[in-house]
Amino acid sequence: MWATSARRAIAGQSSVTSWLTQLRNSMIKSGEKVRSFSSGSNQLTVRDALNSALDEEMSADSRVFVIGEEVGEYQGAYKVTKGLLQKFGPDRVLDTPITEAGFTGLGVGAAFYGLKPVVEFMTFNFAMQAIDHIINSAAKTYYMSGGQISVPIVFRGPNGAAAGVAAQHSQCFAAWYGSCPGLKVISPYSSEDYRGLLKAAIRDPDPVVFLENELMYGETFPVSDEVLDSNFTLPIGKAKIEREGKDVTITAFSKMVGYALKAADELAKDGISAEVINLRSIRPLDRATINASVRKTYRLVTVEEGWPQHGVGAEISASVVEESFEYLDAPIDRITGADVPMPYAANLERLALPQVEDIVRAAKRACYRQVPQSAAA
């Protein structure tokens, strides 16, 4: 069992390098065939999109392995890794103790050695225990080695607010990791996003932070036959225009894309045509698509769950002011989470997070539509 050899390595009874060598060699010898994901209809949950992407990439490349808490015997805390232990065995689906710093360090070291780890955090709030490995080891090593050492690793797990888990388990880390050179940071919305971007992240030669949303795992989205193809990927760094419009641009990522689309439906009832951009990628940020949209609509509303100061919306606003200021017909409006630690009480939690009505009011302000004082208060 990997756990026995890992414990021995950590205790000094055997060499970590020797263990990684044995693991890499066993993976190279396995050579399974690629599995094509199939479904009775073109409806796919986010959970199955992630599971199928992992399955196919592990089948296609024997260097890919999954490591984290409860990813194996328990089938994953959110059942994203369901069935992988039975298919690929304990050498490639590695259950760990509750030690984020420990298993993240093992993952980064394995990536240095030429393997392709997918490190699962039960929540990205727990990744704070391992942030030194993510930032100082994974993100900076390619630069500090003069391009001699690549770090092909994916850090994935739920990010942002769930429900009723209070301040320490409800943080959005998009802006945290998005500020760090050397990382690629992804925050998908739909099943197509999750499937195509996770496959692209695993194939990428650089470290990728893959920010999911706990409340989205059970959501179902329609997908095309192309999305279900085992060769399907999406480009990292390219946003998607989910809905075209001409009066105001709304940018969002992750769960907030759904809120932006609902807001666009409400705005349409009042004759306001909103263009909704699903960012998909936080770093690199698709500044070209955002600025092209603003140059068409002349207005911008940014939406995110995270805190306002130094947020993703602040970076987007700076980009638009720098590149498209002369096109703006109204001030940019940022919709964010409240600038407080997340409350536990359900009524206060709702007030601390962006809601559809907040986006609607902001878009109306940008379009100089009258907003009742009671609604704006």
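Reader: By class, how many nonpolar, polar and charged residues does the lining of the largest cavity have?
Author: This is a predicted model. The lining of the largest cavity has three nonpolar, four polar and three charged residues.

Reader: Which residues line the largest cavity?
Author: The lining consists of Asn159, Cys172, Ser187, Asn213, Phe253, Ser254, Lys255, Met256, Glu304 and Glu305. The volume of the largest cavity is about 60 Å³.

Reader: Where does the largest share of the lining of the second largest cavity come from?
Author: Strand β5 (residues 154–158) supplies that share, with three residues. By class, the lining of this second largest cavity has seven nonpolar, two polar and three charged residues. Among its lining residues are Tyr78, Lys79, Glu120, Arg156 and Tyr217.

Reader: Let us change topic. How many salt bridges does a search of the whole structure find?
Author: The search finds 24 salt bridges. In one of them, Asp193 pairs with Arg280, with the closest N and O atoms 2.7 Å apart. This pair links distant parts of the chain: Asp193 lies in helix α9, Arg280 in the loop between β11 and β12, and 87 residues separate them.

Reader: Is Asp193 buried or exposed?
Author: Asp193 is buried, because its relative accessible area is 0%, which falls under the 20% cut-off. Arg280 also counts as buried, because its relative accessibility is 6%.

Reader: What else does Asp193 touch?
Author: Leaving aside residues up to four places away in sequence, Asp193 touches Pro188, Leu198, Leu234 and Asn278 as well as Arg280. The side chains of Asp193 and Asn278 are joined by a polar contact of 2.6 Å.

Reader: Which residue forms a salt bridge with Glu192?
Author: Glu192 forms a salt bridge with Arg280, and their closest N and O atoms are 3.3 Å apart. Glu192 is in helix α9, and the two residues are 88 residues apart.

Conventions:
Residues numbered from 1 in each chain as written. Predicted model: local features only at pLDDT ≥ 70, side-chain atom pairs only at ≥ 80, totals over all residues. Heavy atoms only, no water. Polar contact = N/O pair within 3.5 Å; in protein donor to acceptor, adjacent residues only side chain to side chain. Contact = heavy atoms within 4.5 Å. 1 Å grid on protein atoms, 1.4 Å probe; cavity = no way out; pocket = protein on both sides within 12 Å on 5 of 7 lines; lining within 4 Å. Points joined across faces, edges and corners; volume = space filled by probe spheres on them. Nonpolar A, V, L, I, M, F, W, Y, C, P; charged D, E, K, R; others polar. Helix = DSSP H or I, 4+ residues; strand = E, 2+ residues; numbered from the N terminus. Salt bridge = Lys/Arg side-chain N within 4 Å of Asp/Glu carboxyl O. Buried < 20%, exposed > 50% of the residue type's maximum accessible area, 1.4 Å probe, protein only.
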